[in-house]
Amino acid sequence: NEAAFGSPAEADIVVALRAKGIECVSLVADRDGAILGHILFSPVTLVGHDGHERMGLGPMAVLPGEQRKGIGSALVREGLTQCKHLGAQAIVVVGHPRYYPRFGFAPASRYGIRCEYDVPEDVFMIAELQRGALRAATGLVRYDAAFGVGQP
């Protein structure tokens, strides 16, 4: 995470979530025991819509020298599959608007869903894992407080 992002902020999020014992989907890509990439999915809350399983994708990191080789895509696909098997109904991500749509993500604003963080509408996206999961599910998505680690 540090090598991919150039700072410890994303790694600190992973450590904080693990320390809290929050159930996450955490996957690594490796070659001969060397970690090339990592992806994390953790629970998020859609305010006012309890009882629906939603996860947030992130952070996702691939070593700079290993990027653009399909490692990130493989991590996203496998992570989405595992989240679906665990009963997650939808996944949100704050990410590149030209990267994530290939995995079924669309701007969350189309569903009346917004992010607690001040990010452009096109970078806050959502993917439905179970048909109908986003029907009448408008509101504000909140991440775990661990995502504020290192924030002022």
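Before we start, one definition: strands here are DSSP runs of E with at least two residues, and they are numbered from the N terminus. With that in hand, hello everyone, and please keep in mind that what we are looking at is a predicted model.

Let's begin with a hairpin. Strands S1 and S2 form it, and two residues sit between them. S1 covers residues 25–31 and S2 covers residues 34–43; they run antiparallel and are joined by seven bridges. If you want to find one spot on your screen, look for Arg-31, which stands opposite Ala-34 in S2.

Six strands make up an open sheet, and the order is S1-S2-S4-S5-S8-S6, with mixed pairing. At the edges we find S1 and strand S6 (106–107), each of which pairs on one side only. For anyone new to this, strands of a sheet pair through backbone hydrogen bonds, and they can do so parallel or antiparallel.

For a parallel one, go to strand S4, residues 54–62, and strand S5, residues 90–94, which pair over four bridges. Gly-56 is a handy landmark there: its bridge partner in S5 is Val-92. Helix H3, residues 71–85, packs on this sheet and touches S1, S2, S4 and S5, and its direction makes about 145 degrees with that of S1. Helix H2, residues 9–20, lies across S1, S2 and S4, running at about 60 degrees to S2.

The order is S3-S9-S7 and the pairing is mixed. Strand S3 (45–46) and strand S7 (113–115) are the edge strands, each pairing on one side only. S7 runs parallel to strand S9, residues 139–142, and three bridges join them. Here the landmark is Cys-115, whose bridge partner in S9 is Val-141.

Next, a pocket. The second largest pocket has a volume of about 170 Å³. What classes of residue line it? Seven are nonpolar, one is polar and two are charged. Among the lining residues you can pick out Glu-23, Cys-24 and Val-25, and also Cys-83, Leu-86, Gly-87 and Ala-88. Others in the lining include Pro-43, Glu-53 and Met-55.

Last stop: aromatic rings. How many aromatic pairs turn up in the whole structure? The search finds six. Ring pairs link Tyr-99, Tyr-100, Phe-103 and Phe-105 into a cluster. If you go on to describe such pairs, remember that the distance of the centres and the angle of the planes are what describe them.

Conventions:
Residues are numbered from 1 along each chain as its sequence is written. This is a predicted model: local features need pLDDT of at least 70, side-chain atom pairs count only at pLDDT 80 or more; totals for chains, interfaces and linings use all residues. Side-chain values use heavy atoms; hydrogens and water are left out. Two strands pair if DSSP finds at least two bridges between them. On a 1 Å grid over the protein atoms alone, a cavity is a set of points where a 1.4 Å probe fits but cannot get out, and a pocket is an open set with protein on both sides within 12 Å along at least five of seven lines; lining residues have an atom within 4 Å of a point. Grid points are joined across faces, edges and corners, and a volume is the space filled by probe spheres set on the points. Ala, Val, Leu, Ile, Met, Phe, Trp, Tyr, Cys and Pro count as nonpolar, Asp, Glu, Lys and Arg as charged, and the others, Gly among them, as polar. Contact means heavy atoms within 4.5 Å. Axes are lines fitted to C-alpha atoms, for helices over the stretch in contact, and angles run from 0 to 180 degrees between N-to-C directions. Rings of Phe, Tyr and Trp (its six-membered ring) pair if their centres lie within 6.5 Å; planes under 30 degrees apart count as stacked, over 60 as edge-to-face and the rest as tilted.
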